[in-house]
Amino acid sequence: MTRIAFLTMDSLDNFVAYDQLVTEELQRHGVTVDEISWRQPNVAWSDYPLVVIRSPWDYQQAPHAFLDVLNRIEAAGTRLENPLSVCRWNYRKSYLQDLAAAGIRTIPTIWSDGVSEQILAQAAAQLQTPELIIKPLIGANADDTSRIPAAPAAEQLLELITTYTGKSVLIQPFLPRVLDPGEYSLIYFDRNYSHTILKTPAVGDFRVQEEHGSTITAITPPAIVQELAQQTVAALPADLLYARIDVLLMEDQQPAVIEVELIEPSLYLPFHDEAAARFCAAILRRMPDRIQGS
Ligand SMILES: Nc1ncnc2c1ncn2[C@@H]1O[C@H](COP(=O)(O)OP(=O)(O)O)[C@@H](O)[C@H]1O
Ligand SMILES: [Mg+2]
């Protein structure tokens with residue numbers, strides 16, 4: 001029996017994780033999965049030929065400590081998926097600038113250190129939008145993500161200034177199509193397209209995460225969405241076990257990439273019959289030679 005590790009967090013309470021499906025599939029192929037929190041000290045990573053990053057969904061609270069752990073895993077001679085070099089590129093949303101430079105349509109963004117009345121007014125004028133989104137450069141799970149009017153009232157402004165002081169942020173137009181139809185997530189294994197889900201926020205919310213009460217539906221995406229995701233995958237670093245491309249529609253109905261998730265995306269395995277088997281096969285293909293077929 002070969003033993004690999006899935007990197008997770010101390011407690012997944014209040015999160016929705018689906019990796020049990022691939023764990024069972026791997027078990028059927030003679031591979032046992034140990035789930036290990038990234039915060040667990042003194043792990044003998046060299047005992048594992050492969051570590052797959054799956055659900056360390058609090059890493060944004062201590063991104064440098066998290067990257068140190070990834071570094072230790074690779075330094076132990078263990079194969080990390082996705083690799084540290086990919087995670088280093090992907091953990092700050094500034095990777096969106098690289099994609100835009102490569103000709104990928106991303107959401108127009110103002111990059112700022114903190115916010116002020118003037119910064120927000122300028123951003124709203126430049127982006128020509130009545131409502132703004134502010135979110136941290138390093139973030140996940142919609143933590144510290146704000147939907148605000150272009151000219152917030154004094155009390156809200158003070159709150160925003162406090163929240164984002166000392167933080168690098170993205171300021172974007174709020175795209176109302178996030179409410180209807182929602183946000184598309186296109187999932188790839190080994191750079192091959194697998195499946196798509198549509199996440200629609202709960203009434204009164206704009207955040208599409210299940211943890212915030214959204215609805216998830218399996219869907220065939222519009223061709224323009226699929227084309228953009230395909231173009232995005234083609235522009236990514238070569239070595240990828242999995243990738244999730246998140247797409248929103250803009251006011252002109254054309255799609256734009258909101259995020260590329262290469263570190264710890266939920267892969268929505270139950271939403272396609274083949275998803276867990278495809279993920280399992282991709283993991284088996286990427287096992288270091290010394291254990292393949294053992
Ligand atoms: N420009 C935007 N327009 C509308 N909704 C947005 C926009 N940016 C973010 N959101 C909402 O906030 C959520 C979190 O933003 P996202 O960029 O996906 O960061 P993360 O998932 O890393 O927290 C999105 O899933 C979406 O619901
Ligand atoms: Mg997201």
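Colleague: In which sense do strand β1 and strand β3 pair, and over how many bridges?

Modeller: Strands here are DSSP runs of E with at least two residues, helices are runs of H or I with at least four residues, and both are numbered from the N terminus. Two strands pair if DSSP finds at least two bridges between them. Strand β1 (residues 2-8) and strand β3 (residues 50-53) pair in the parallel sense, over three bridges. In β3, V52 stands opposite F6. This is a predicted model, in which local features need pLDDT of at least 70, side-chain atom pairs count only at pLDDT 80 or more, and totals for chains, interfaces and linings use all residues. Residues are numbered from 1 along each chain as its sequence is written, while chains are lettered from A and ligands numbered from 1 in the order in which they are written.

Colleague: What is the order of the strands in the open sheet of four strands?

Modeller: The order is β2-β1-β3-β4, and the pairing is parallel. β2 (31-37) and β4 (79-81) are the edge strands, each pairing on one side only. From one strand to the next, the twist averages 25 degrees. Such angles run from 0 to 180 degrees between N-to-C directions, with axes fitted as lines to C-alpha atoms, for helices over the stretch in contact.

Colleague: Which strands form the open sheet of five?

Modeller: That sheet runs β11-β10-β9-β12-β13, with antiparallel pairing. Its edge strands are β11 (215-218) and β13 (255-261), each of which pairs on one side only. Within the sheet, β9 (residues 183-189) and β12 (residues 242-249) pair over six bridges in the antiparallel sense. A243 in β12 is the bridge partner of Y188.

Colleague: Which helix lies across β9, β12 and β13?

Modeller: Helix α7 (residues 223-234) does, running at about 135 degrees to β12.

Colleague: How is the protein chain divided into domains?

Modeller: Domain bounds come from an automatic or database domain assignment. Here the assignment gives domain 1 (2-90 + 277-291), domain 2 (95-105 + 177-262) and domain 3 (110-174). The centres of domain 1 and domain 2, taken over C-alpha atoms, are separated by 23 Å. Their contact takes 17 residues from domain 1 and 12 residues from domain 2, where two residues are in contact if their C-beta atoms, placed from the backbone, lie within 7 Å. On the side of domain 1 that touches domain 2, α3 (84-90) and α8 (275-285) each supply at least two residues. Helix α8 gives the most to that side, with five residues.

Colleague: Where does ligand 1 lie, and why?

Modeller: Ligand 1 lies between domain 2 and domain 3, because both give residues to the shell around the ligand. A residue counts as near a molecule if its C-beta atom, placed from the backbone, lies within 6 Å of it. The ligand is surrounded by 19 residues, and the closest are A142, Q172, L175, V178 and V208. Strands β6 (131-136) and β13 each supply at least two residues of the shell. By class, the shell has 10 nonpolar, four polar and five charged residues. Nonpolar means Ala, Val, Leu, Ile, Met, Phe, Trp, Tyr, Cys and Pro, charged means Asp, Glu, Lys and Arg, and the others, Gly among them, count as polar.

Colleague: How many helices and strands are there in the protein chain?

Modeller: The protein chain has eight helices and 13 strands. Along its principal axes, the C-alpha trace of the protein chain spans about 60 × 40 × 35 Å.
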